[in-house]
Protein chains: 2
Amino acid sequence: MSEKYVYFFGQGQAEGNRDMRDTLGGKGANLAEMAGIGLPVPPGFTVSTEVCSLFFEAGNQLPAGVNAEILEHLDRLEKTAQQTFGDQDNPLLVSVRSGAKFSMPGMMDTVLNLGLNDKAVEGLARKSGDRRFALDCYRRLIQMFSDVVLEISKRKFEAILQAKKAEKNVEIDSDISEAMLEEILAEFKATVKQESGQEFPQDVKEQLFMAVSSVFSSWYNPRAKTYRRINHIPDDLGTAVNVQLMVFGNYGEESATGVGFTRNPATGALELFGEYLRNAQGEDVVAGIRTPSPFSELATDMPEVYQELKDTTTRLEKHYGDCQDFEFTVQEKKLYMLQTRSGKRTGQAAVKIAVDLVKEGVTTKEKALMLVEPGALDQLLHPVFDIEEKAQALGLAKGLAASPGAAAGQVVFTADEAVAWKQEGRQVVLVRDETSPDDIHGMSAPQGILTATGGMTSHAAVVGRQMGKPAVVGCGVLVINEEGKYFQAGDHRVTEGDSISIDGATGEVLLGEIKTRPSEIIQVVRGVIKPEDSPLFQDFTELLSWADEVRRMSVRANADTPEDAEMAFAFGAEGIGLARTEHMFFERDRLPIIKEMILSETEEARRRFLDKLLPFQRKDFYELFKAMRGNPVTIRTLDPPLHEFLPKKEDLMVEIAALKASGSSELDKLQGLEKLLERVKALSEFNPMLGHRGCRLGVTFPEIIEMQARAIFEAACQLAKEGQKVLPEIMVPLIGGVRELANQKEIIVRIAEELIQEYAVELNYTVGTMIEIPRAAITAAEVAKEADFFSFGTNDLTQTTFGISRDDGAGFINHYLTHGLWPDDPFMTVDIDGVGELMKWAVEKGRTTRPDLKVGICGVHGGDPRSIYFCHKIGLNYVSCSAYQIPIARLAAAQVTLQEKI
Amino acid sequence: MSEKYVYFFGQGQAEGNRDMRDTLGGKGANLAEMAGIGLPVPPGFTVSTEVCSLFFEAGNQLPAGVNAEILEHLDRLEKTAQQTFGDQDNPLLVSVRSGAKFSMPGMMDTVLNLGLNDKAVEGLARKSGDRRFALDCYRRLIQMFSDVVLEISKRKFEAILQAKKAEKNVEIDSDISEAMLEEILAEFKATVKQESGQEFPQDVKEQLFMAVSSVFSSWYNPRAKTYRRINHIPDDLGTAVNVQLMVFGNYGEESATGVGFTRNPATGALELFGEYLRNAQGEDVVAGIRTPSPFSELATDMPEVYQELKDTTTRLEKHYGDCQDFEFTVQEKKLYMLQTRSGKRTGQAAVKIAVDLVKEGVTTKEKALMLVEPGALDQLLHPVFDIEEKAQALGLAKGLAASPGAAAGQVVFTADEAVAWKQEGRQVVLVRDETSPDDIHGMSAPQGILTATGGMTSHAAVVGRQMGKPAVVGCGVLVINEEGKYFQAGDHRVTEGDSISIDGATGEVLLGEIKTRPSEIIQVVRGVIKPEDSPLFQDFTELLSWADEVRRMSVRANADTPEDAEMAFAFGAEGIGLARTEHMFFERDRLPIIKEMILSETEEARRRFLDKLLPFQRKDFYELFKAMRGNPVTIRTLDPPLHEFLPKKEDLMVEIAALKASGSSELDKLQGLEKLLERVKALSEFNPMLGHRGCRLGVTFPEIIEMQARAIFEAACQLAKEGQKVLPEIMVPLIGGVRELANQKEIIVRIAEELIQEYAVELNYTVGTMIEIPRAAITAAEVAKEADFFSFGTNDLTQTTFGISRDDGAGFINHYLTHGLWPDDPFMTVDIDGVGELMKWAVEKGRTTRPDLKVGICGVHGGDPRSIYFCHKIGLNYVSCSAYQIPIARLAAAQVTLQEKI
């Protein structure tokens, strides 16, 4: 107990400062900082976060040494304030507030007006000359203290208050008379006695220690724990406790309390933005009994106070270099600052504020980059609902917010219908139990996608995000009847053609078509708005250009088509990190050929159909290379199990059974179906994710890889011949060890060299591999002998490292997340302790063999800011993500580079 | 080139010895050893295995320095033999033979009679006084040299020989006259010229260098490569080349050549066992033109030679401490030893020989333990076919030899029929496309199991081995028509009730019922034969008792029932390492309750059915504990996905479709089926292996684990109360990290403590976890905080580390093995570089947290000798395997302990 646990602040001095958030919490550090630079902060002291740990270690009690230190500081506070705690003439009153390192608004406990008892309340009455005010403060104290410290239900006190008001025909609190307050106080104290078995504590020091202990205890209350889990705040940080001289916003009409922002948190515009309440304490604003007034009125009501507030908060913003969210109290025209912190803002505001602060000289580019949460950039790209219309719409259900954005349209139940209706000019929302690769052709048609099953990384969710298409998934309350062409959401039946709206940022499903518009940024990218007409776009572009100046990792796109590639390029992609060749196979004109190829039973027959596919693939690659203008394009060879291209086994079985039972005489059809079923059965697998796919296809059917290599290099050589720069990087999927890679590489290099000679061109290319199987990571030193590059396929790597299929885990993954078995969804954010450990190992071992090994990532995690930070830290060269995530990745990559510098 | 590359041996001296197998190869080392101890070995020299590497590095040619060293040794050989290489009066002839560290019989090349040319052949004629003999040697040389060195098809020479014999009406080779040989030689030489474009080399040194080079080259011939792959011999060992003075078994009727064993390799009986051919060279025996005579005749024909052979080989056996397999040549009554090595033997012989050698004082117990290949013990446990009957049966097909043993019976196609027929006293073979846990109840009924699909680790294979039941799986040629109750194997149709026989040691499927009998050991274990009447059983038991004296790891059994446990105990299990609780669920009287439990939609309903299951499970555990008599029993909590207990989705869909199409009026039935289908669909998973199973069930449905814990501890407490020792170890499956374990452990410990108090007993128990998910291994340091023990579930760990499902991989796994992409099937032998690395990591990290952490293995690898060696090396405390593998494990664990001592 030799350390310091309590820190004083007030009157231009402070033992702490803003850099001590670990020790003092956010609120305490900022109170100290404000006091230190001479702002009007009521004096007080902060009990440090370390005491929080000691408190729990000691079995939920304050260590004796800490008690003594608190009393020393209380003594100093009495001297500073020239008031005495519990005094019957000049009583010191304090507030007791929580304050953790990271803001957890409303999650923990607060007690105001502490220090009143039956005697001190009369002292306050005498000193203030307003006995009604003093009694009201006492009433408030008993109410809050009982709720927070004694755990007596708030409702009991509310009931007494309401009953008394009804009895006396009083409507608003300020009309409660002194006499009524005395009656209320008597009943409150009786209630305390009855509920807790003891009198309301008259010893003010006991009040103080009980309140401090309660605030520490509240660190582990259920809502605080949940909040921390959701916001990735570690449990072991603990909270600090701030004990501060009370100032009274309820001291009469010249007093007030309020909250505000230095800039508009929705738009980012430079304007003092906030609300206040006259003659009130903070909890009155929260309680919502009275409607606060906007600052514009404060300027009229109390012009000096308004000016002082403006000067003070402007000074604060400059001092902190960021838009501030502040709390203040005015007592008899004197302004007191009670809190300041970085203001939460929308993505749009974040961008504007960051750029403006630099332009205004308030901060540097590098610091400004740290002010924008990368994920918030997403908000700038997705269509948005009209907020007012949405508020009036009927909510049907809520699912997982899988792909942000607003979508509205008529309900359809199949991909084919989505395409057909769209062609007729209708806007549709595709509603399905789940989507599968079979639906791909119909997934770009609808405005949005809604599924009843599947998690945040289900097919619909992944494809939705990939396409920048709003999606709500796993909406379990929906019962979909595809045959009957309707779905049921509780009592509501929604039939094909009915309109619904889905909000992919919140998971809401609403009845009716709520108006949406594409975001401004997208309109600029699409050429609908000119860049010079969009200040937002200009800010967006400027901010990202600063990010590009600092980041070490490059950013690539996962893109399968020239359209994807063009979009990615517009968002700043420096190459393609993943082009999935199989997506090309699902197109209408190709699928029949693929099917025939798969159903072939000899290599010769397969080659015949592969020859037909070759021109299609060559054209795909030609266009993809062209769109990327000489930037590297990483092409993954065929990956999915072949039966994904065939009809489902059970569908065929049902069709056959029905045909037989109906006594149909269509023998040819039956035989055809039976033959097809036989082949489908032969190819079907219990666990397709762990089956005959990835390079295992290429190893067993080398003719498929030959065709793909030929298509790639014919396209590349053709472009080279035309004088365009091309840089193909061929990537082999799902290898478990070096021999598979060597096997596939031999084929690829042979065909490449043949064609380069045939076309007589110069062409650089590389051959690398996905690292998406634990064994590939473990044996990376060997694998690197054959690989020019590694690209982490973190979707599969997460699946195999956890032994969990993302398609099947929805049920228990949700349970794991809500019950704290996982801190995060590992399919969204790289699991650093498990998957991350394998990644680190693979990078290190791979580079022992090949020091210049290029390493990237192309799983969904490539667009997740925290995963991007991790990728940087373990030395990756690039991240690859969907076009819409590229701005996020550019910013996140810059932030982690800057963090490293600090 | 400062090292020594060539080693001389002969006349009681040798530069090498038997410990130099790495350098000299097995044959060379043993020739040196025999020469060194004064046995009659024709002198010669060995070109070391290191030269093999140099040869390939130099681009398939002998380095000049080696050539010189060979010539020096040739010179020494000439002096020793008092003959001159290529001399026209007294020519030196040599044999050139391969000889790698590990025996690869017949895989590489040999040239005999080298050193003859047109002049030297006359010298040999003169010296031997038998021109016909000399010409015949020359003829043999040209024939072998052309085949091996010049790569001219053997058939061309055979054709000439046959044509000449036909022309002259000669039937056997020894009747070919001198004149005929001259004609043949002329034609042979013409053929060489024609085929190779050059004359047969007359320079004998050129002959020698060409032959040595050819032997080295043959290291990489396809059959040698395949042999090494199958026998796990590394490619980089290389072969040595032995150049040795020719002795002639074809020098007349007083000469002979032969091969033999010092003991009977089938039974192990102490008798000189072998065959010889008079007036012949080694290749005549191989060619099979003449039938060799047994040694009994040699004793009569050449009694002195026989006696000398007996004395020499007895000395050899004593010298080597093991039964020897030897080659010899007699030239004019003089015996020459050409080869000795450990003789390959059956499992039965191996056991008898090892025990006899110790009894005879020839070797020590520890050395004897190293003489038995652990896997060979398997042969002693499985039923055997009558060999002669089998030879006459019609072969239908060949599949994978999944579980050794012989089985014969009438064909049935369902598990239910297997049970029913068996009850009627019939012996059956269960034939299915594949088996599943649904078939469990019917898998102990048949004599053997035959499946059309699945690999060596498919359900049928695993359960077959587990039950010690012969199984042939993955027999793709079979087309099974379950409905029609027949299967087609090529042209043969086998109908229900027809008899077939399957040999699980070879994969053969034969028509008709070939007689089998249980092995002698099993008959003793079952009490049919008394131990004192079975010398084999006595030897078996004695050998294993020696193993128990030396091994460090303990050996446990995977056993689910009291019967399994009793059998395991009889085979020496020291506890149960894996008791699968779900196997208990599949029993007839329980399955309906399980189904109801799963179909329940509320926890309350589930608990109702779980209460009904409790007494069953309690009884199971009571009996299991009792059978293990106080030894530790590791019980795994529920593991498989719940839908395994329900009917298949597609079967229900087909049933419903058929019912609908038939216009059936059974609406109730239809509705019931549809409701069931709905639930089955809700539970069905795309990748059940990666789905809702293992501890994920226990985490989401804690009431299931509560019931299981209650059943276990009620049984254990009851026994404790009855005064019996019990040691339950509860094992949580499929954890990915410490939190899942902590979650399950909390439930288990809570219930255990409750019951221990309730029963007022003392009871030791532990709670540990399977390590079968890569993430569990990676985070082992954390996991060990909650785990009393780890048990590697290498089946799942291999699946997830490779990202390959053993159920689905059959197709490409076979391709991988035959094409050298994998050295071994990782589902049979631990993949040391990948899975093994994770295991090593988990053991090390786990013990950093908990130094006394007990670690075992309970996957199929626990019964595989090479995997057991690995487990010992990384510090495991025990291995657990099926009852029938326990002898193997005891021996393998002893061997690796002994290896460590060396």
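Which residue lies over the face of B:Tyr320? In this predicted model, the answer is B:Arg18, placed at 5.1 Å from the ring centre.

A pair of aromatic rings is described by the distance of the centres and the angle of the planes. Over all chains, the structure holds 41 aromatic pairs.

Now let us move to chain B and look at two of its helices. Two packed helices are described by the angle between their axes and the distance between the axes. In chain B, helix 2 (residues 49–57) and helix 8 (residues 204–217) have axes that come within 10 Å and cross at roughly 90 degrees. An angle from 65 to 115 degrees counts as roughly perpendicular, so that is how helix 2 and helix 8 of chain B lie to each other. Where they meet, helix 2 of chain B brings B:Val51, B:Cys52, B:Phe55 and B:Phe56, while helix 8 of chain B brings B:Ser213, B:Phe216 and B:Ser217. Sorted by class, this contact has 5 nonpolar and 2 polar residues, with no charged ones.

Finally, how do the two chains relate? A rotation of 180 degrees, with 0.0 Å of shift along its axis, superposes chain B on chain A with an RMSD of 0.2 Å. This is therefore the relation of a two-fold axis. The same surface serves both copies, as 100% of the contact residues of chain B recur in chain A. To find the axis from chain B, look for B:Asn687: of the residues of that chain, its C-alpha comes closest, at 2.1 Å.

Definitions and conventions: Residues are numbered from 1 along each chain as its sequence is written. Chains are lettered from A and ligands numbered from 1 in the order in which they are written. This is a predicted model: local features need pLDDT of at least 70, side-chain atom pairs count only at pLDDT 80 or more; totals for chains, interfaces and linings use all residues. Side-chain values use heavy atoms; hydrogens and water are left out. Axes are lines fitted to C-alpha atoms, for helices over the stretch in contact, and angles run from 0 to 180 degrees between N-to-C directions. Helices (H or I, at least four residues) and strands (E, at least two) are DSSP runs, numbered from the N terminus. Angles under 35 degrees count as roughly parallel, over 145 as roughly antiparallel, 65 to 115 as roughly perpendicular and the rest as oblique. Contact means heavy atoms within 4.5 Å. Ala, Val, Leu, Ile, Met, Phe, Trp, Tyr, Cys and Pro count as nonpolar, Asp, Glu, Lys and Arg as charged, and the others, Gly among them, as polar. Rings of Phe, Tyr and Trp (its six-membered ring) pair if their centres lie within 6.5 Å; planes under 30 degrees apart count as stacked, over 60 as edge-to-face and the rest as tilted. A charge sits over a ring if NZ of Lys or CZ of Arg is within 6 Å of the ring centre and within 35 degrees of the ring normal. Copies are superposed by least squares on the C-alpha atoms of residues with pLDDT of at least 70 in both.
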